[in-house]
Every structure is written in C-alpha cells, then in structure tokens.
Amino acid sequence: MFALERHPVPANAADVSLDDYAAGWMTRNRPRTRPRTQHTYAFVLSRYVLPSLGAYALAALHRPDLVTWLEALAARGLSAGTIRLAVSVLSAILSDAVDNGILSQQPATRLTRRYRVRRPSVCTYNAAQRSLFLDAAARTEPELTPCLATLALAGLRVGEVRAVQGGDCDLDRGTVRVERQLHRDGRIAVPKGGCSRTVDLCQPLADILAPRCMATRGWLWPALVTESGYRQIRDVMARVATAAGLTRVPPKSLRHSFASILISDGESPEYVRRQLGHSDIRLTVQTYGDHLPMQRPASYGTRRGEIR
C-alpha cells in the first residue's frame, strides 16, 4: 500500500531530490530489513516526510528547513514518539547520502533533542503474581500451560516460543536452543538479533516440558504455528489473568516479568542479557534497571570513617 517506486537519479548529484533518493534508499535496504520494517519506513516517508520535503534537492536541505518541518509535525498534534520516528527515518537517509558523498554533513543530527521520549515502563507480574498466573493456567488452560510457562519461566519472545521444537530441548542439561522465530504472518526466521542462543530451563519448567519434548522432535505447539498463533496466546492469557484475578497484560509481559524477577533477585544483568538474547547489555539495564537491588556495599563499613 505504501510501497515506493524507485525513480531515476539525475546524473548531477546536487539535483537529486529527497523523493528520488529515498526511493533508492528503500530499494538498497530491502535485502537487509524485514518486510514489516520496510512497511514502517514506507509509511513514515509517505505520511510524514516526503509530502513536505520530498521535492527538495538533497543539497538544498538545510537545518532551518528541517526545524520548520519538525515544528509543523508538532503543530499537527503528533506524539513525541511519532516525531522521533519520522526524524529517525529521515536521518538514516541523509546519513546514507553523506556516506555516498552527496552531502558533506548531516543536517538532521540531534534534531529531536527537544522531543526526548523516556522509555516507557514495562508491565510485569512480580514473583507471587506470576505463580498465581501459572496456577490459574494449569486449572483453566492445561493444553497451553507449557507454552505460557515457557514465556514466564524462560523469557523467550512469543515468536520464539511458538517456534520451539522437541529437538531443541536438552532436558538432561536443562536447556533449550532458540534456533528460530515465527512472525505473526507465519514466516519462519532467525531469532531477533540474527543468531541463535541457548537458554537455561529451571527445573519446574523442565518438568513441565518433559512429556511434550519426549513425545515429539517437531513443533511443541502445532496449533500455534499459524498466523492466528499470536492471537491464540493473547486470548488465552486474558482468560487466565481473569481467572487469577490479575490485571490483563500482553504476551510480551511474561518475558518482562521473567527478566525483572531475575534482576530483583540479584541475578547478574549479563546473565539476564544472554537469557533474553539482547545484543547489548545497555538495553537490558535500561529496560530492567529499576529492578536492580540497591544495598550499601559491605566495604563501606557501619560507622563513618571505617573502611574494610
């Protein structure tokens, strides 16, 4: 719907319009981006960027023009997050133009500093609430309880849980190998981050998964390997939360609960990062740092001036 056709690029680089260059940028990046990301880029460009700036030659785009455009977006009542996304896409295109020698400098650098958006707090269950949730799942949704337990006790992403096969589980070592993920449209892909990982299983979860893992080396939950798999998990979670008397949360919140409980219990952020499959520990700390236990180092001593 929002696909951009590539236009011919003028021989004189100074005459290349943002509209033309954006189309070429989309084409060059298509092999390296997921379809959903491509759709987002195309939507943002067609809705927020190109209508105002598309006719500009790249060399004619100056900082005051971008500030005026930014203020026009804000005047439309767009959220800070939407504005930052629009600037991010534009900035990526202009940086590419700098790399290709068309621009000597990037006019959009730090353009959104006045629209800083704090990372939203994640919605989680604490340890007691997680236990209530899993107990209610065992009573009301026994067929999908192993799937929900894997989300809550291993921290896999929803797409990764849907794609787990019996052959991925090593119950003797207490691990599961995350080799693939299922997108909501049913496509199979490598896990987010581009590489597989080994995740530890706690003993209760290993016991829950054992019957299924020993019964098949194929999909553990065949009914979820469909385009409706995500919706099934979401709907089951809503019913379980109601039965447990808990607030309804989206499926990814079980992963967040897993991580926040580990962090609260004093587990190393690096270990949590590896379990979650984050590529950078900064993401782990930024997302779950509020749950880090804060206590006075023992080396400080108990009396002022005392050093151990």
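## A walk from D280 to the cores

Let's start at D280, which counts as partly exposed at 27% relative accessibility; here buried means under 20% relative accessible area, exposed over 50%, and partly exposed in between, with a 1.4 Å probe and protein chains only. D280 forms a salt bridge with R282, their closest N and O atoms lying 2.6 Å apart. A salt bridge is taken as a side-chain nitrogen of Lys or Arg within 4 Å of a carboxyl oxygen of Asp or Glu. R282 is exposed, with a relative accessible area of 57%. Elsewhere, salt bridges that share partners join R157, E160 and R197 into one network.

Residues are numbered from 1 along each chain as its sequence is written, and side-chain values use heavy atoms, with hydrogens and water left out.

How confident is the predictor? The mean pLDDT of the chain is 86, and 88% of its residues reach 70 or more; pLDDT is the predictor's confidence in each residue, from 0 to 100. Over residues 1–10 the pLDDT is below 50, and this stretch has 20 contacts in the model beyond near neighbours in sequence. Contact means heavy atoms within 4.5 Å. Where pLDDT is low, the predicted coordinates should not be read in detail.

Now for the overall build. The chain has twelve helices and five strands, where helices (H or I, at least four residues) and strands (E, at least two) are DSSP runs numbered from the N terminus. Of the 308 residues in the chain, 42% are buried. Among contacts between residues at least 6 apart in sequence, 62% join residues at least 24 apart.

The largest nonpolar core has 38 residues, and F133, L148, W221 and I233 have the most contacts inside it. Such a core is a set of buried Ala, Val, Leu, Ile, Met, Phe, Trp, Tyr and Cys residues joined through side-chain atoms within 4.5 Å. Among the elements that give two or more residues to this core are α5 (127–140), α6 (145–154) and α9 (229–244). Apart from it lies another core, of 30 residues, among them Y21, V44, I83 and A97.

L148 is a handy place to look around: including F133, I233 and L254, its contacts reach beyond four places away in sequence. The axes of α6 and α10 come within 6 Å and cross at roughly 40°, with axes fitted as lines to C-alpha atoms over the stretch in contact and angles running from 0 to 180 degrees between N-to-C directions. L148, L151, A152, L153 and A154 of α6 meet L254, R255 and F258 of α10. Helix α10 (residues 252–264) also holds S253, which is buried, with a relative accessible area of 2%. S253 touches C123 and T124, not counting residues up to four places away in sequence.

One last stop is a salt bridge between E141 and R239, with the closest N and O atoms 2.9 Å apart. This pair links distant parts of the chain, 98 residues apart: E141 sits in the loop between α5 and α6, and R239 in helix α9. E141 is buried, at 17% relative accessible area, whereas R239 is partly exposed, at 46%.

How values were computed
This is a predicted model: local features need pLDDT of at least 70, side-chain atom pairs count only at pLDDT 80 or more; totals for chains, interfaces and linings use all residues.
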